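Here is a short note on charged side-chain pairs. Please read it with the model open.

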Amino acid sequence: MMKIRPVNVLAVPLMLWLGACASTAPGGPRATAAADTVPVAKAAPMPADDLRAYRLPVPPAPAGAPGARPAAPVPARPAPLPTAHVNAQAEQRLRDQAFTNQNVKYAQGYRLLVYLGLERDQAMAIRRAVIGRYPDETDYLTFKAPVYRLYVGDYLTRLEAARAKSRLRGLTQRAEVEATQVILNKNL
């Protein structure tokens, strides 16, 4: 005869709980590969829905009825060509603006600061060297005690000033582009 051993009262609910957790838990090692390493088959494109059964039938319009489509396409009228016509009022405004522009002497631009120091003789030597090599360049020597400043050129764009700075590289120890008000050259 077999002996039956008494079962612990807590062991039965614990075993049931562990069994339930094991059957519903998503964790644990699986034999399948990770989702990002499995090649995914491309789904076949869905066929376009055939809606002909739901559309209302529209009978074709008779050939002579208004709104009927013609059998042959009608050529479109060519667009009118633009003309170079300027009316008198616009012409007068252009003349007024040209007259106003003739009176403008200054503009915002750039100059090169080629010398900044205390010695006038050194400033004059650099000035002579620049004018000797580039006689068309304008120069401006200013003095605010005790500092001499030598500026060269009147340039409307920073690009022009940068080009002039590269030309003057051998004549000066340093040159800096400074934004300032410049004199417009009316001889252009």
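The points below cover the salt bridges and the exposure of their partners.

1. Basis. This is a predicted model, in which local features need pLDDT of at least 70, side-chain atom pairs count only at pLDDT 80 or more, and totals for chains, interfaces and linings use all residues. Residues are numbered from 1 along each chain as its sequence is written, and side-chain values use heavy atoms, with hydrogens and water left out.

2. Count. The whole structure holds 4 salt bridges (a side-chain nitrogen of Lys or Arg within 4 Å of a carboxyl oxygen of Asp or Glu).

3. Asp139 and Arg127. Asp139 sits in strand S2 (residues 139-144) and Arg127 in helix H3 (residues 120-133), 12 residues apart. Helices (H or I, at least four residues) and strands (E, at least two) are DSSP runs, numbered from the N terminus. Asp139 is partly exposed at 22% relative accessible area; Arg127 is too, at 27%. The cut-offs: buried is under 20%, exposed over 50%, partly exposed in between (1.4 Å probe, protein chains only).

4. Arg167 and Glu137. Arg167 belongs to helix H4 (residues 158-167), Glu137 to the loop between H3 and S2, and 30 residues separate the two. Arg167 is partly exposed at 37%. Glu137 is buried, at 16%.

5. Glu176 and Arg174. Glu176 is partly exposed at 33%. Arg174 is partly exposed at 39%.
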